[in-house]
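Hi there,

Here is the structure I promised to pass on to you. My notes on what turned up in it follow below.

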Amino acid sequence: MNASDATTSLTWGHAALTVVVDTSPGRPVSVSTTTGVQDDAGEHSAQPLVEILTAATGRARASHRFSETAVGRRLAFTGSHASRDGDWHRLRISLHDAVTGLSAHVELRSLDGVSAVQAATSVVNDGTEAVTLLGVSSWCAGFGRAADGLEVVWGDSEWLGEGRWSRRMLRDGATVDLDLRLHGQDGRGRFAAMSNGTWSTGRQLPTGGLVHEPSGRAWLWQVEHNGAWRWEVGERLDGAYVALTGPTDIDHQWQHRLAPGERFTTVPVSVAVSGGGLHGAAAVLSAHRRALLRPHPDRAGLPVVFNDYMNTLMGDPTTAKLLPLVDAAAAAGAEVFCIDAGWYDEDGTWWDSVGAWEPSQTRFPRGIEEVLAHIRRRGMTPGLWLEPEVIGVRSPLADKLPAEAFFQRGGVRVVEHGRYHLDLRHPAALAHLDETVDRLVEQLGVGYFKLDYNIDPGAGTDRDAASPGQGLLGHNRAHLAWLDAVLDRHPGLILENCGSGAMRMDYALLSRLQLQSTTDQQNPLLYPPIAAAAPMSILPEQAANWAYPQPDMTDEQIAFTMCTGLLGRLYLSGHLDHMSPAQAGSVRDAVAAHREIRADLARAVPVWPLGLPGWSDAWISLALVAGDTTYLTVWHRTDPGRIVLHLPHLAGRHVEIGTLYPHHLPAFGTAFDPATGRLTVDDGGGVPAARTLRLRAVHRDGR
């Protein structure tokens with residue numbers, strides 16, 4: 001850490017990132033972030049680094065914003081400590097409020113060479129009276145720019161329509177030009193995104209950003225929590241600001257009584273900063289996300305998964321249906337075979353009776369072991385679908401487990417869609433899940449679980465909690481600890497994150513779990529905007545994009561759905577066992593192409609040559625850039641024609657273009673202009689159609 005002025009500020013970071021902390025007496029402690037070491041002092045904002053909302057103090061000005069809380073404005077700098085942990089640079093910033101006795105400690109860490117920072121805040125009650133917390137920020141910062149030059153980037157989401165991104169000028173929304181300086185006060189409006197309950201991405205996405213196109217400056221952030229969160233941007237007198245939080249009182253029924261001597265720590269968040277616009281910030285956030293991942297053998301292998309559910313068995317597996325499907329999946333090149341929902345069902349009415357997770361005897365007359373053994377004989381890892389956090393209201397487990405092991409409100413068990421929700425703060429709930437997983441792994445040899453999550457029980461549980469939101473946060477953290485313990489016991493076990501598709505697609509879970517189902521969307525024509533947008537939220541190698549070819553599809557339709565899966569974690573389904581040899585060959589070629597490039601995808605960064613995809617766009621495109629190679633998928637859904645793709649990273653370079661998949665169908669016409677980095681693509685007159693291309697930038701001598 002270098003002190004630029006010991007009495008007013010400190011500077012911390014590394015060659016790729018500079019964080020300047022303003023510690024001037026009489027002003028709130030605040031930060032600005034830059035790439036490299038250039039001086040951005042002119043862009044500094046006095047937005048407090050930490051905002052703490054308490055019942056007894058409230059905000060300094062009336063609003064519904066999470067900016068300028070009374071405690072946040074008063075917090076004074078008391079010290080800092082910088083350290084190094086391998087490739088991670090760390091900084092602790094300590095603050096204190098003399099009125100309430102609250103101390104705040106902000107923990108920052110940044111990977112050397114990556115212009116991103118992860119942050120969390122701990123609040124300690126160093127006073128003599130209990131304090132009721134209503135909200136604590138994980139990270140707040142100002143941008144020192146007027147809002148009229150900034151675009152806000154956000155994502156809406158829902159079941160079957162995940163990751164629908166939008167960009168608009170910040171001034172076109174909640175922060176219209178109000179001439180704040182004339183009034184001498186900060187504004188009260190804000191653009192806020194949030195989740196409620198346990199579907200962390202069921203409504204909006206915890207990733208967002210601000211982009212200043214004239215300068216190229218861009219910021220992307222993510223709230224890393226598997227429950228309730230909020231982020232907001234707005235305008236202050238000194239420019240725009242962002243505030244990132246976990247649960248709060250006004251949004252999530254969260255409050256926390258902090259007794260003297262007690263500590264509360266927020267959920268972690270991450271912020272990436274770039275001078276290269278949105279694509280530059282997305283590249284930085286991708287590198288940062290990779291650094292957050294728990295080490296796991298899956299990261300090296302990235303096996304192709306076949307799952308029997310989507311547009312195939314749809315929760316109705318039997319031995320007779322599975323055995324030929326296993327053979328077809330192995331022949332196609334799959335390396336994991338996951339039996340999805342229904343393997344425990346005896347009578348076809350399993351939704352509200354699940355919880356024991358014992359294999360069906362009627363579906364598997366000679367035991368499910370016969371199918372699992374066949375999967376292994378065909379060289380694949382066997383997997384099972386599991387929804388561990390729920391117990392059906394008709395399940396025998398509903399009465400065997402104590403009532404305290406479930407979410408409650410006012411002493412009554414919470415019921416949602418015929419299920420009770422386990423409270424993983426309770427040891428009986430944990431013991432049940434541990435027994436289930438250990439039995440299936442150790443007795444049946446399961447090496448892969450698709451962990452599904454199909455209900456949202458609401459604000460939380462008030463059992464042993466000051467508020468439902470506090471109970472939910474405790475459960476969320478117990479859930480993460482349980483996952484860590486499972487992987488500690490079974491380090492080779494592959495865990496897929498699924499929540500009704502991608503309703504819980506956050507980096508609290510994805511830093512631990514190996515891949516993420518991106519949707520439950522069954523219409524292949526509606527899938528491309530979801531697959532193309534996925535790298536804004538998750539890493540390409542974790543984005544399990546379904547490819548579900550069918551024997552009644554045309555050759556172009558098979559290629560279309562296979563292309564959807566190629567630039568992610570190929571997630572295969574479909575009635576492969578009923579396909580003609582030519583159709584099976586097309587699927588096999590796509591799997592081979594994916595296996596050829598998957599190591600590159602695990603280091604690639606995303607580019608959107610047509611901008612972030614719109615839900616009804618005729619043309620959609622995603623590029624993944626790995627060194628000198630760019631993998632590009634282009635989908636055309638309606639109206640034959642041509643489109644111009646923008647690939648500025650290839651401008652001024654000689655580029656060789658080839659079709660990665662499919663080879664058996666006519667290639668799209670392509671013409672590249674090296675002066676501008678623009679690629680013109682012609683679909684040849686057939687729609688819908690898709691192609692995945694490989695573009696290799698080479699030196700003039702061919703290297």
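In which strand is Leu624 found? Leu624 is found in strand E35, residues 619-626. (Helices, H or I of at least four residues, and strands, E of at least two, are DSSP runs numbered from the N terminus.) Before going further, please note that this is a predicted model, in which local features need pLDDT of at least 70 and side-chain atom pairs count only at pLDDT 80 or more, while totals for chains, interfaces and linings use all residues. Residues are numbered from 1 along each chain as its sequence is written, and side-chain values use heavy atoms, with hydrogens and water left out.

Back to Leu624: this residue is buried, with a relative accessible area of 0%. (Buried means under 20% relative accessible area, exposed over 50%, and partly exposed in between, with a 1.4 Å probe and protein chains only.) Leaving aside neighbours within four places in sequence, the contacts of Leu624 include Pro535, Pro540, Leu567 and Tyr631; contact means heavy atoms within 4.5 Å. The C-alpha atoms of Leu624 and Arg603 are separated by 9.2 Å, and the two residues are 21 apart along the chain.

Next, a strand to look at: E9, residues 116-125. It is largely enclosed by the rest of the structure, because 10 of its 10 residues are buried. Both faces are covered, with Ala116 and Val124 among the buried residues on one side and Val117 and Asn125 among those on the other. Strand E8 (residues 102-111) runs antiparallel to E9 and is joined to it by eight bridges; two strands pair if DSSP finds at least two bridges between them. Val106 stands opposite Thr121 in E9. The hairpin of E8 and E9 has four residues between the strands, and Gly113 there takes a positive phi near 85°. E9 also runs antiparallel to strand E20 (residues 269-274), with four bridges, and to strand E19 (residues 263-265), with three. Ala116 has Ala272 as its bridge partner in E20, and Val123 has Phe264 in E19.

Arg289, in helix H4 (residues 277-292), may interest you too. Arg289 is buried yet has no salt bridge, and the nearest side chain of opposite charge, Glu224, is 7.0 Å away. (A salt bridge is a side-chain nitrogen of Lys or Arg within 4 Å of a carboxyl oxygen of Asp or Glu; Lys and Arg count as positive and Asp and Glu as negative, while His and the chain ends are not counted.) Among the residues that Arg289 touches, not counting those up to four places away in sequence, are Gln222, Tyr507 and Met536.

Finally, some backbone details. Most residues other than glycine have a negative phi, and most peptide bonds are trans. Asp464, however, has a positive phi of about 50° and counts as exposed at 65% relative accessibility. Asp464 is found in the loop between strand E29 (448-451) and helix H11 (468-489). Asn311, in helix H6 (residues 309-313), has a phi near 55° and is partly exposed at 22%. A cis peptide bond joins Tyr661 and Pro662, with omega about 0°. The bond from Val687 to Pro688 is cis as well, with omega near -5°.

Best wishes
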